[in-house]
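The following note concerns domain division, helix packing and the surroundings of the ligand. Please read the points alongside the sequence and the structure.

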Amino acid sequence: MKINSNKLDDLFKYYSLQLVGIYDKEELNAIFELVCEYYLGFNKLNVKSKLNANINQSELINIYNACNELKTGKPIQYILKEAYFYNLKFYVDSSTLIPRPETEELVYLIKETLTNESQGLNVVDIGTGSGCIPIILKKQFDNSRFCGIDISDKALEIASSNAVLNNVDVEFFNCDILNTTHILNLKFDCIISNPPYVLYSEAINMDRRVLNFEPSLALFVEENDPIIFYKKIIDLCLNSLSENGFLFFELNPLFANDVMNYADSANLFKTIEVIKDMSGKQRFLKAQKK
Ligand SMILES: C[S@@+](CC[C@H](N)C(=O)[O-])C[C@H]1O[C@@H](n2cnc3c(N)ncnc32)[C@H](O)[C@@H]1O
């Protein structure tokens, strides 16, 4: 199928026909706006008012090529190599998870808890991926020390480049959290983690775009021990979390109660709460050490 002219409106029609059945109308509009923002420098809110604009040949080819990649199911964030989290831009590629809206809610919860008086804290994010969590928090708590750890060197490289991109000082280290006895041999005032939490058996209900393109290392846990990361991190709190320090998790709602019970049985925390996300699912755990 040909694109009728260099008019943006014809490109939009082309996208609509090529991507029908892969994206719904709302997703398609959002994707087209992102593509126009990226390749044409338009503000995405104004794209609809610019449909009569003529674009040059190289812009047309870029947008056409992006459409071909979208047809394979590749997420737009991996095509443009950028994702927005808390309104900041992050570099992403297939070695890091695309930051999710639920994780923005987790960051909001942490920000609410650590209020602005909480300065000079030592904070670690376990399984940091793109580094989105510590980078956003460092923007607010600039007198605190933030670090992120991950088992993936590729993810750590991306996280470091995201700290530079967003002009903050966050340290990143390679560490396999399941095979360590102390987190970086330090004590932290706040430990955060959004670890892998999806069961392989849940994959059949998952979007192909996630399964085919996002890193399995970031997503999946073994069926026989679905809360392995949570248990390990809770155990590490004995030596690695300060008195009165906070632990924050993003959870798989299927196992929220199991994680809560494990935290309770560790007898390390004076308060433990499971908190629902905006869609009413038990998504976060917040605990404060005795
Ligand atoms: C769900 S992703 C979270 C990424 C990022 N924090 C976010 O919220 O967008 C989980 C991360 O845990 C990392 N990971 C997996 N196994 C790990 C391990 N044994 N030790 C440390 N990190 C691990 C993955 O590489 C991935 O970056």
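1. Domain bounds are taken from an automatic or database domain assignment. On that basis the protein chain falls into domain 1 (8-71) and domain 2 (94-289). The centres of domain 1 and domain 2, taken over C-alpha atoms, are separated by 35 Å.

2. The model is predicted: local features need pLDDT of at least 70, side-chain atom pairs count only at pLDDT 80 or more, and totals for chains, interfaces and linings use all residues. Residue numbers start from 1 along each chain as its sequence is written.

3. Helices (H or I, at least four residues) and strands (E, at least two) are DSSP runs, numbered from the N terminus. Axes are lines fitted to C-alpha atoms, for helices over the stretch in contact, and angles run from 0 to 180 degrees between N-to-C directions. The axes of helix H2 (residues 25-40) and helix H3 (residues 57-71) come within 10 Å and cross at roughly 140°. H2 and H3 are therefore oblique to each other (under 35 degrees counts as roughly parallel, over 145 as roughly antiparallel, 65 to 115 as roughly perpendicular and the rest as oblique).

4. Ile31, Val35, Tyr39 and Leu40 of H2 make the contact with Glu59, Asn62, Ile63, Ala66 and Leu70 of H3 (contact: C-beta atoms, placed from the backbone, within 7 Å). By class, this contact of H2 with H3 has seven nonpolar, one polar and one charged residues (Ala, Val, Leu, Ile, Met, Phe, Trp, Tyr, Cys and Pro count as nonpolar, Asp, Glu, Lys and Arg as charged, and the others, Gly among them, as polar).

5. Helix H10 (residues 228-240) and helix H11 (residues 256-266) pack at an angle of about 20°, with axes 10 Å apart; H10 and H11 are therefore roughly parallel to each other. Tyr230, Lys231 and Ile234 in H10 meet Val259, Tyr262, Ala263 and Ala266 in H11.

6. Among the 22 residues around the ligand, Gly127, Gly129, Ile151, Ile177 and Ala218 come nearest (near: C-beta atom, placed from the backbone, within 6 Å). The shell residues divide into 13 nonpolar, seven polar and two charged.

Methods:
Contact = placed C-beta atoms within 7 Å.
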